[in-house]
Amino acid sequence: MSEQLKDFLTIGDFDVEGKTVLFRADLNSAVIDGEVQMKERIEENAKTIMELSEKKAKVVILAHQGRAGRDDFLPLEQHAQLLRNFVVDLKYVEDIIGPTAREAIKNLDAGEVLLLDNVRMLAEEILKKSSEAHAKSIFVKKLAPLADIYINDAFSVVHRSHASVVGFPMVLDAGIGRLMESELSALERAVHHIKRPCVYVLGGVKPEEVFDVIDFALESGKVDYILTTGGIGNLFMYANGMIPMKVDNDLLESVSRAKRIQRRAGTKIKYPWDLAIELDGKREEIPVDQVKPNQPIYDIGQKTIEKYSEIIKNAKTVIMKGPVGFYEKEAFAKGTRDILKAISNSKAFSLIGGGHTSAAISTLGIDRSKMSQAHVSLAGGAFLRYLLGKPLPGIGVLRKK
Ligand code: 3PG
């Protein structure tokens with residue numbers, strides 16, 4: 001599906017001064033030992049929030065954290081604290097639709113910002129319903145009358161038909177935030193206005209996602225190279241008899257699919273020439289044909305980095321999804337770091353996405369602002385669905401009416 005910015009109203013199209021703006025942000029972040037990690041999502045959403053506040057809007061933030069039943073399902077108190085690094089006077093209430101939240105919204109002055117609690121604490125939020133049905137929820141009925149405008153800046157949740165994503169734009173004037181603008185324009189450019197040669201760099205450990213991306217790219221006829229890395233690269237090499245590997249029964253179907261994709265992709269698909277294994281706790285690089293059964297393969301080797309970097313250098317479009325190696329271990333971060341460097345140095349327009357890939361960029365301390373020709377998407381599931389041309393319910397409802 002192609003999303004063009006001209007189909008949407010942006011913040012610039014509204015006179016927000018003195019208006020109450022319901023602002024859907026995605027502040028969902030990794031949680032380690034109960035502590036919310038400061039992530040780009042918080043920083044990037046804060047930029048749009050500050051713009052609205054400077055334009056004297058009364059900003060009410062709707063956001064979620066985690067999923068019910070999981071350890072990362074938390075109230076948004078810590079997010080409020082993290083947001084205060086950017087929006088100093090941000091107010092926070094432990095309420096979403098109750099009297100405390102509604103009073104706090106009514107009492108906002110122009111330029112003030114209020115964060116409500118985790119919207120997923122409302123059972124209604126995640127009910128599997130259409131946007132029309134969500135628009136009739138108690139959640140929407142309680143808050144929409146207190147607001148003038150709805151802005152969604154959370155591209156990373158637009159694949160969810162949740163009340164805070166699809167319900168409010170049915171009943172309020174709605175538009176997209178700055179982060180959503182940059183996500184949509186980068187995806188539009190990389191996926192629908194592809195300049196050739198077009199290179200996909202695919203890694204990570206989720207085979208089915210990667211297979212879907214490859215199938216879709218091959219179908220489009222607009223991909224020139226598919227560079228395999230990470231766990232998925234190993235699976236492809238195993239499927240093609242290049243390396244031995246212990247494969248559980250639940251991966252057998254993936255092995256068959258990898259073989260089918262190889263036949264379809266022909267020489268467009270590339271595999272590593274050498275790999276980094278862990279030997280006595282250290283990194284050791286060996287040619288692919290020397291890998292022995294049960295050796296832990298954690299990264300691509302130097303020769304592969306150079307060959308892949310050359311292909312990336314000559315590309316006009318690069319789409320990267322999934323880390324190249326086990327980057328969390330410093331000894332095996334080289335592949336991911338060097339391939340990102342190659343993308344950064346290339347003149348190609350690059351789109352980098354998938355939750356783990358953007359996490360790798362921050363873990364490795366790579367400065368995203370220096371990747372001038374690259375867009376790093378902050379989305380996981382929504383990014384994937386966009387790449388696969390699947391509908392995104394939260395986007396459809398934001399189109400100009
Ligand atoms: C994400 O982290 O991708 C978004 O916040 C959506 O979260 P979800 O997968 O729990 O819906």
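In the predicted model, the centres of domain 1 and domain 2, taken over C-alpha atoms, are separated by 34 Å. The domain assignment of the chain places residues 3-179 in domain 1 and residues 194-387 in domain 2. Contact between the two domains involves 10 residues of domain 1 and 11 residues of domain 2.

For R160, an N or O atom of the side chain is 2.6 Å from a ligand oxygen atom, and for R67 the corresponding distance is 2.7 Å. In the case of H64, a polar side-chain atom lies 3.0 Å from an oxygen atom of the ligand. On its own the ligand has 310 Å² of accessible area, of which the protein covers 85%.

K39 is located in the loop that runs between strand 3 (35-36) and helix 1 (40-54). With a relative accessible area of 22%, K39 is partly exposed, because the range for that class begins where the buried class, under 20%, ends. Beyond its neighbours within four places in sequence, K39 is in contact with S29, A30 and S362. K307, which is 268 residues away from K39 along the chain, has its C-alpha atom 33 Å from that of K39.

Helix 9 (residues 230-239) is largely enclosed by the rest of the structure, because eight of its 10 residues are buried. The buried residues of helix 9 are G230, I232, G233, N234, L235, F236, M237 and A239. Just after helix 9, G241 adopts a positive phi of about 70 degrees.

T357 forms part of helix 13 (residues 355-363). Its relative accessible area is 2%, and T357 is therefore classed as buried. When neighbours within four places in sequence are left aside, the contacts of T357 are with M320, K321, G322, P323 and I352.

Helix 15 (residues 393-396) contains G394, which is buried with a relative accessible area of 0%. Residues up to four places away in sequence not being counted, G394 touches V158, V165 and V166. G394 and F155 are 239 residues apart in sequence, yet their C-alpha atoms are 8.3 Å apart in space.

Most residues other than glycine have a negative phi, and most peptide bonds are trans. Against this background, R196 and P197 are joined by a cis peptide bond, with omega about 0 degrees. P197 is situated in the loop between helix 7 (178-192) and strand 9 (198-202).

Positive phi values also occur at two residues other than glycine, D33 and N294. For D33, phi is about 50 degrees; the residue is found in the loop between strand 2 (31-32) and strand 3. D33 has a relative accessibility of 79% and so counts as exposed. For N294, phi is near 70 degrees, and the residue lies in the loop between strand 13 (282-287) and strand 14 (297-300). N294 likewise counts as exposed, at 65% relative accessibility.

Technical notes. Residues are numbered from 1 along each chain as its sequence is written. This is a predicted model: local features need pLDDT of at least 70, side-chain atom pairs count only at pLDDT 80 or more; totals for chains, interfaces and linings use all residues. Side-chain values use heavy atoms; hydrogens and water are left out. A polar contact is a pair of N or O atoms within 3.5 Å; within protein, one must be able to donate a hydrogen and the other to accept it, and residues adjacent in sequence count only if both atoms are side-chain atoms. Accessible areas come from the Shrake-Rupley method with a 1.4 Å probe; for residues, only the protein chains shown count as cover. Helices (H or I, at least four residues) and strands (E, at least two) are DSSP runs, numbered from the N terminus. Buried means under 20% relative accessible area, exposed over 50%, partly exposed in between (1.4 Å probe, protein chains only). Contact means heavy atoms within 4.5 Å. Domain bounds come from an automatic or database domain assignment.
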